[in-house]
Amino acid sequence: MKGLFVKDLCFFRELVKTLVIFLIVATMMILFQDFKYENLMFVFSYMIVCSAMTSVNLIAYDQDQNGMSFLLTFPVKKKDYVRAKFLFSGFVILVVFAIMWVLSITAITVQHVPLKWESLLASSGTSVLIAIVMLSLMLPLKLKFEEKGNLIMVVTVFAAIAATYFLSKGAKYLPIDLSGIGAFFNDHTKAIIVGVLVVVAVGVICSMKISERILQKKEY
Amino acid sequence: MLVKIEQLEKQYPNFHLDCSMEVKEGQITGLIGQNGAGKSTTFKAILDLITFERGTIQIFDQDCHDLTREEKCKIGVVLSDSGFSNYVKVKDVIRMMKAFYPAFNADDFQYQCERFGLPLNDKIKTFSTGMKAKLKILAAMSHDADLLILDEPTAGLDVVVRDEILDMLREYMLKEGRGILISSHIATDLEGLCDDIYLIDQGRISLHEDIVTLTECYGLMKMDETQFERVDKQYILAQKKEHFGRVCLTNEKKFYRENYPDIVIEKCGIDDVIYMTAKGEKR
């Protein structure tokens, strides 16, 4: 596992330049624009999701030059590979999360804006969850379809956005009172958070198992 | 026994592999054959990179699917069609190998890289084919493995470097209990290196001999049609028509030399065996 982690770190150095450029742009947006919590949260989420996608895209480096077959001759098991990918992506998300928190607190302090802990926590937590969900979707897709996995992921995300849009537009024609949903969310916030966390955790486990199966069946 | 393959069968749409072989301790075993004969498929099956329909493969007396990390650490591998990513430097390879293999000797590896002209700070994508091949071999030999599985390790290397690498392999074998399974399309490499040779043809092992028998007992006989008519054919393995008559591969050179002194019998190399097995008419 240690070897896989070190390997990913070596590859990550190749991609980290892009993330650093994003981070510089994000810093300028946060520090030198009129402060708005919405902007801060957008940049926060963007950076977290970008870092997760960057780390999962390291699979392409493993697959370069038919490298997976060589990698699997090292003292690792196929399930180690999947676990190491999650571990490394989690590590990258955690580091970027910490950087973004420092950046956010700095921006709030510099711009003399009142600190809204709850809002900051909720938004940053949500962005991490979104990143984990995307990671869980991407990993098996990348392992199964290799380069085509990215395309399938983009199509899936656009399809999900389009479906949500049309559902929300079409909902007013349905005989359901949607205003009650907001009230329900407010009344059961804690339960919903726990529910979402459980669903995401189950999703991650399923993604790991599916990825392991894909790798087991795959021939190199 | 380091490797034992028993009735391994792997089916592809246009290819069927059916192979049994062994790699013993203290021996260098060569697997030779034409391109597409099944060498790489056999190697990949041993390394658990592909599934197979039938048969068993044992490495260190363990099923190849059940090897522990410690056992896998004892195997050094060179694959013909893959290697380290183009995006890393030799320095990164050192970091990775250190993390993967507890017995990795970083100082010696670095020394060998410098000796073979591999720059530590250049990305592998800037390396020539030969440099990449050297790096793969050095990495495979760097972590005190008991078994080396080398698929076409000398491909792309010039004669001088090839000789140096072959010397390193001989030196590697000085330690007791080690073994090498090697394939190469350069037959002379294997002739001077291997103790034991398997010839694979269209997915089947068509010949298995130790190198002493191969060099001392095998020969190519050249004869005209009348000589061919009267010759005892029981030790002729394959024969082929030529403009002068027939050329025959035998594994009893001595028998024909004693009984048919008028027949021209030439020394036979591995290339001749491959050629006659592939192109000749088998008995």
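Helices (H or I, at least four residues) and strands (E, at least two) are DSSP runs, numbered from the N terminus. The model is predicted: local features need pLDDT of at least 70, side-chain atom pairs count only at pLDDT 80 or more, and totals for chains, interfaces and linings use all residues. Residues are numbered from 1 along each chain as its sequence is written, chains are lettered from A and ligands numbered from 1 in the order in which they are written, and side-chain values use heavy atoms, with hydrogens and water left out.

**Exercise 1. Place B:G156 in chain B and list what B:G156 touches.**

Step 1. Start with the elements on either side. B:G156 sits in the loop that links β7 (147–151) to α6 (159–172) of chain B.

Step 2. Find the contacts. Contact means heavy atoms within 4.5 Å. Leaving out residues up to four places away in sequence, B:G156 touches B:T129 and B:G130.

Step 3. Compare sequence with space. B:M131 is 25 residues from B:G156 in sequence, and their C-alpha atoms are 8.6 Å apart.

**Exercise 2. Describe the make-up of chain A.**

Step 1. Count the elements. Chain A has 9 helices and 0 strands. From the N terminus the order reads α-α-α-α-α-α-α-α-α.

Step 2. Take the extent. Along the principal axes, the C-alpha atoms fill a box of roughly 55 × 50 × 30 Å.

Step 3. Take the burial. Buried means under 20% relative accessible area, exposed over 50%, and partly exposed in between (1.4 Å probe, protein chains only). Of the 220 residues in chain A, 41% are buried.

Step 4. Check the contact range. Among contacts in chain A between residues at least 6 apart in sequence, 81% join residues at least 24 apart.

**Exercise 3. How do α2 and α5 of chain A pack?**

Step 1. Two packed helices are described by the angle between their axes and the distance between the axes. Axes are lines fitted to C-alpha atoms, for helices over the stretch in contact, and angles run from 0 to 180 degrees between N-to-C directions.

Step 2. Read the values. Helix α2 (residues 37–56) and helix α5 (residues 78–110) of chain A pack at about 160 degrees, with axes 9 Å apart.

Step 3. Classify the angle. Under 35 degrees counts as roughly parallel, over 145 as roughly antiparallel, 65 to 115 as roughly perpendicular and the rest as oblique. So α2(A) and α5(A) are roughly antiparallel.

Step 4. Assign the hand. A crossing is left-handed if the near helix is turned anticlockwise from the far one by less than a right angle, and right-handed if clockwise. For α2(A) and α5(A) the crossing is right-handed.

Step 5. Inspect the contact. The α2(A) side includes A:L40, A:F44, A:M47 and A:A52, and the α5(A) side includes A:F88, A:V92, A:F97 and A:W101. Sort the residues by class: Ala, Val, Leu, Ile, Met, Phe, Trp, Tyr, Cys and Pro count as nonpolar, Asp, Glu, Lys and Arg as charged, and the others, Gly among them, as polar. This contact has 16 nonpolar, 4 polar and no charged residues.

**Exercise 4. Which residues of α3(B) are buried, and what covers them?**

Step 1. Helix α3 (residues 90–100) of chain B is mostly covered, with 8 of its 11 residues buried.

Step 2. The buried residues are B:V90, B:D92, B:V93, B:I94, B:M96, B:M97, B:A99 and B:F100.

Step 3. The cover includes α1 (2–32) and α4 (67–71) of chain A, plus α2 (69–73), α4 (106–115) and α5 (129–140) of chain B.

Step 4. Follow one residue across the chains. A:K7 lies in helix α1 of chain A. Not counting residues up to four places away in sequence, A:K7 touches A:D62, A:L71, A:K85 and B:M96. A:K7 counts as buried because its relative accessibility is 3%.

**Exercise 5. Are B:D61 and B:Q202 buried or exposed?**

Step 1. B:D61 lies in the loop between β4 (54–59) and β5 (62–63) of chain B. Its phi is positive, about 65 degrees, although B:D61 is not a glycine. At 55% relative accessibility, B:D61 is exposed.

Step 2. B:Q202 lies in the loop between β9 (196–201) and β10 (204–210) of chain B. Phi of B:Q202 is positive too, near 50 degrees. With a relative accessible area of 64%, B:Q202 is exposed.
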